[in-house]
Every structure is written in C-alpha cells, then in structure tokens.
Amino acid sequence: MANIAYIPGDGIGEEVTSQGIKVLEYLDGAYNLGLKFEKFDLGAERYLKTGDILPIAVLNKLETFDSIYLGAVGDPRVEPGVLEKGILLKLRFYFDQYVNLRPIKLYKEEFSPLKGKGLEDIDFTVVRENTEGIYAGIGGFLKKDTPDEVATQEMISTRKGVDRVIKYAFEYAQKFGREPKLTVCDKSNVLTYAHNLWQRSFKEMGKNYPEVEQNHFLVDAMTMKMVRNPEIFDVVVTCNIFGDIITDLGAELQGGMGMAVSGNINPDSISMFEPVHGSAPDIAGQNIANPLAAVLAAGMMLRELGYGNLTPKVEAAVKSALENNMVTADQGGDLNTDEVGDYLVKTLKSNEEGE
C-alpha cells in the first residue's frame, strides 16, 4: 500500500506525468501494489487566481502521504523564483529531503555527445546534498541600491548534514553501485573550512565501508573527467551547488534534460520524484512533450516505496521505446506524448507475459 500525492504543476507537467501515472496504474493492477493517487493543484494557475503558493494546510495534508510525484514548476506569467522557491524548495526543506539523487545513465548510443562513449561508459549516480550549502538562504544586503552595496550569500555545512548525506552515499554505493566505488567531489583546496569538513567526514565515514573503493576529485577536475572518462565513476557525493552544476552536465551526457530524473529523498520520511526538464510552456498543451524522464521518475519512486524489483522493468520499457524509435519528435520519433505512454504500458505487459 502506498499513497502518492500527485502534483502536475505547470506547463507540460501534467502531460508528461500523466504517462508516469499510466505506467504506475498498470503496474499497480498487474502486481497488486495498492497504489492510491490524489492530485494537488499547486502551481501558477492557483497562484495567479488566489495568491496562494503552498499553504500550510496543504503541507499538513501532504504529511499523510508516502511519496510525492511532481511534474514541473515555472510559468512565464510569474516572476522567476517565486514558484520554484515557494513549491519545489519549500517541499525539499519542509520534508527535510536531504538527498538529491540523480542517475546519469545513457539509454541509447546515439544520444551520447561524447565520441567513443557508449551505454557501458555513461552509467553513474550523483548523490547531491539537498538542504544546506549555498542554497540554505543565509545572507543579505547592506546599503542595497547604492554604490556601496554589499551582497552576501553563505555556504552552510553542518556536521550532521554532511555526515548523513555521505552515509547515504556509501550505503547507496554498497547496495546499488557496480564496483562499488564512491567519489567525493568538492573544492577543499580553496573552500578550506566547509569542504575540509566534507573531507574529514568522508574519510572517517569511509572506515565503516572498507569494501567500497573511495576516491576524491576537485570539482574542476570532476567536470573534465566526466567529459573525458565518465566510465571511471560509479557513485559521486557532493555539496548542493556543485551537485546542481555537475548533474546538468551529466544530463547532457545521457542525452539532454529530456532524460534527466531527480529524486528528493528523506529515507525516514516523505520523498519527492520529478523529471528535471522544466515546464516548457512553449509546447504545453500540444501533446508533443517527451514523457520518458517523468516515467523514469515514477520508476525511481517505486524503488523508494519498496517495489525496487519493478524499477528495472520500467527502465527496460523506456529502453525499448528508444531502441524501436517509439518516441516523440524531439528524440527522432513520430509519436505524441500519450502514444509513448501507451507504448510503454504495452511493452511492460508484453515483457510480463514473456517471463
């Protein structure tokens, strides 16, 4: 049994996540999972009509769910940052979703922008700290709008926050890593306070996981290695701001934002899963948006809910869609959004019957 709060959000959010719901509903029926969905109208339309972004009453209700499935946030009619901070970041912080899990996995050879790199080379996961760092919101202005203006934005690293995300990364590498291997990415040669803490935590925590190979890259070297030798990475753990940057680079390695998936995770509370590509208002309502990332996000959610045996089935269906060109125009196919979802369900059913 699992109760899922469904927040389609803005733009193409509902078009793509409805395909994820379609896949989840099929698996629910096929495997008797007991999934239940409730839709929440959070986003630009609600904000423009009522002025509400994410009322406390809605937050209180969301506390009763097992997971959150989010579409997209952002609308050109609303000032940038209002919805993103008011919904996405607020949910992350309210539910203390301290892990941002970003798999970087190539599903189709032709999507790789790297010469000579294939499916076996681009397959690693970034564990990004999600509630501290530069995004903690500590800072302010002095003498604003004058020639002497000073703006500060502080990077916050607590021992508790660093320890818990590094512990999660070690355990993730141990359970899901290929080798297993964990790489810490930081800038400890310059950020000699905040990232000295990361270094000490990583080394001390690593003593508890002797079977996990442990490596370290400064973030500038990390970006170079991701382009030159992505195959050397298995699981990577890093701070909030660097995780934000290198996962977007990773998304390009796997074929663009249309394939990028994000899990905002609190292992002891409520986690949230979403495609990364944004709301794409220019194509909203046309039934042409690529739903594969939204479907992969639904697959990731199944693992967190305790149905990890079904996650590879979802990934296999997505891979089949790509291999057989049963995709939307942006990926070289000629299907619409709904048709891609239908194909994925058909593939899941066919694979199940063939087992």
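Reply: Let's start with asparagine 32, which is exposed because its relative accessibility is 70%; exposed means over 50% relative accessible area, buried under 20%, and partly exposed in between (1.4 Å probe, protein chains only). Keep in mind that this is a predicted model, where local features need pLDDT of at least 70, side-chain atom pairs count only at pLDDT 80 or more, and totals for chains, interfaces and linings use all residues. Residues are numbered from 1 along each chain as its sequence is written, and side-chain values use heavy atoms, with hydrogens and water left out.

Me: What is the phi of asparagine 32?

Reply: Phi of asparagine 32 is near 55 degrees, a positive value in a residue other than glycine. You'll find asparagine 32 in the loop between α1 (13-31) and β2 (35-39); helices (H or I, at least four residues) and strands (E, at least two) are DSSP runs, numbered from the N terminus.

Me: And where is lysine 143?

Reply: Look in the loop between β6 (139-142) and β7 (150-153). Lysine 143 isn't a glycine either, yet its phi is positive, about 55 degrees. With a relative accessible area of 49%, lysine 143 is partly exposed.

Me: Is the peptide bond from glutamate 179 to proline 180 cis or trans?

Reply: That bond is cis, with omega near -15 degrees. Proline 180 sits in the loop between α5 (159-176) and β8 (181-186).

Me: How do I read burial along a helix?

Reply: An α-helix has 3.6 residues a turn, so residues three or four places apart point the same way. In α6, the buried residues include Ala194, Leu197, Trp198, Ser201, Phe202 and Met205.
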